[in-house]
Amino acid sequence: MAYEKIKSHEEYLKIAERYQDCKPDAYKSMSFQEKMDFFAGVYTDNILLWDENGDELPTWKVNTAIWDEFLSHPEQFSLKDIHIFMEMLDDSCYHPSSIDTVDTIAKIIHNIACFYQLEGITYLLSHLQEVPERGRMIGWPVTLYLLIRDAAYAWMKEALKTLTPDALRLLHCILGGEGLPKALLVYYNYGSETELARKAELERTISGLLR
């Protein structure tokens, strides 16, 4: 990741002071890499959105603009950029804003893959093993849930036919919740009747392809 998490209150105060003069429209002049670094900085609490009194800092608007841009314009990314966001996945990083979480990273990855349709979904499923271990506990199930619940499901089913046996086995393990804490297994049994039926269909299809 671009930053380490804040370790002390003194460090918090120094960072808060650094961004007091940040302009709300600063994102307009940022390069792609600067936006990525800013996004990762908020995600790890290195770029603060509020001061000690709970008042919004100018960084709030910058963060919101970058967040919206990344989610709304996946066309600016290549499929290889998925790996940059995968590297950000960290189950322990939950910012109090509630938007810069593992879920947000997974949604951006999802939108990039969907922009490239079948090619994108196939690419994503083929590279799930590259999600860092620190982000797999939530990053993996959220990624699959997003695919299952919307129109990407049709591409997902088609993509299964071209995946390697190793990729299929990993996908089957993720769908089955293998190795996950009991608290997260509840997540696997949650969803609409359609979503749960799709999940079961995927597991059956993968089992058939692995025979």
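Visitor: How many helices and strands does the protein have?

Guide: This is a predicted model, where local features need pLDDT of at least 70, side-chain atom pairs count only at pLDDT 80 or more, and totals for chains, interfaces and linings use all residues. Residues are numbered from 1 along each chain as its sequence is written, and side-chain values use heavy atoms, with hydrogens and water left out. Helices (H or I, at least four residues) and strands (E, at least two) are DSSP runs, numbered from the N terminus. From that end on, the elements run α-α-α-α-α-α-α-α-α-α-α, and the count comes to 11 helices and 0 strands.

Visitor: What share of the residues in the protein is buried?

Guide: Let us begin with the term: buried means under 20% relative accessible area, exposed over 50%, and partly exposed in between, using a 1.4 Å probe and protein chains only. The protein has 211 residues, and the buried share of them is 46%.

Visitor: What percentage of the contacts with a separation of 6 or more comes from residues 24 or more positions apart?

Guide: A contact means heavy atoms within 4.5 Å. Among the contacts in the protein with a separation of 6 or more, the residues 24 or more positions apart account for 76%.

Visitor: Are α6 and α7 roughly parallel or roughly antiparallel?

Guide: Two packed helices are described by the angle between their axes and the distance between the axes. Axes are lines fitted to C-alpha atoms, for helices over the stretch in contact, and angles run from 0 to 180 degrees between N-to-C directions; under 35 degrees counts as roughly parallel, over 145 as roughly antiparallel, 65 to 115 as roughly perpendicular and the rest as oblique. Helix α6 (residues 117-126) and helix α7 (residues 136-149) have axes 12 Å apart, at an angle of about 155°. That makes the pair roughly antiparallel.

Visitor: How many nonpolar residues are in the contact of α6 with α7?

Guide: On the α6 side are Ile 121, Leu 124 and Leu 125, which meet Thr 143, Leu 144 and Leu 147 in α7. Ala, Val, Leu, Ile, Met, Phe, Trp, Tyr, Cys and Pro count as nonpolar, Asp, Glu, Lys and Arg as charged, and the others, Gly among them, as polar. By these classes the contact of α6 with α7 has no charged residues, 1 polar and, for the nonpolar class, 5.

Visitor: How are α7 and α8 arranged relative to each other?

Guide: The axes of α7 and α8 come within 6 Å and cross at roughly 110°. The two helices are therefore roughly perpendicular.

Visitor: Which residues of α8 meet α7?

Guide: The contact of α7 with α8 has 6 nonpolar residues, with no polar and no charged ones. From α7 come Leu 144, Leu 147 and Ile 148, and they meet, in α8, Ala 152, Tyr 153 and Met 156.

Visitor: Where around the axis of α8 do its buried residues Ala 152, Tyr 153, Met 156 and Ala 159 lie?

Guide: In helix α8 (residues 152-159), these four residues are buried. They cover an arc of only 120° around the axis (the arc of the directions from the helix axis to the C-beta atoms), which puts them on the same side of α8.

Visitor: Is the crossing of α6 and α8 left-handed or right-handed?

Guide: The angle between α6 and α8 is about 65°, and their axes are 9 Å apart. A crossing is left-handed if the near helix is turned anticlockwise from the far one by less than a right angle, and right-handed if clockwise. For α6 passing α8, the crossing is right-handed.

Visitor: Is Gln 117 buried or partly exposed?

Guide: Gln 117 lies in helix α6. Its phi is near 55°, a positive value in a residue other than glycine. With a relative accessible area of 44%, Gln 117 is partly exposed.

Visitor: Which residues is Arg 149 in contact with, leaving aside neighbours within four places in sequence?

Guide: Arg 149 lies in helix α7 and is partly exposed, at 43% relative accessibility. Its C-alpha atom is separated by 5.7 Å from that of Glu 195, 46 residues apart along the chain. Leaving those neighbours aside, the contacts of Arg 149 are Glu 195 and Arg 198.
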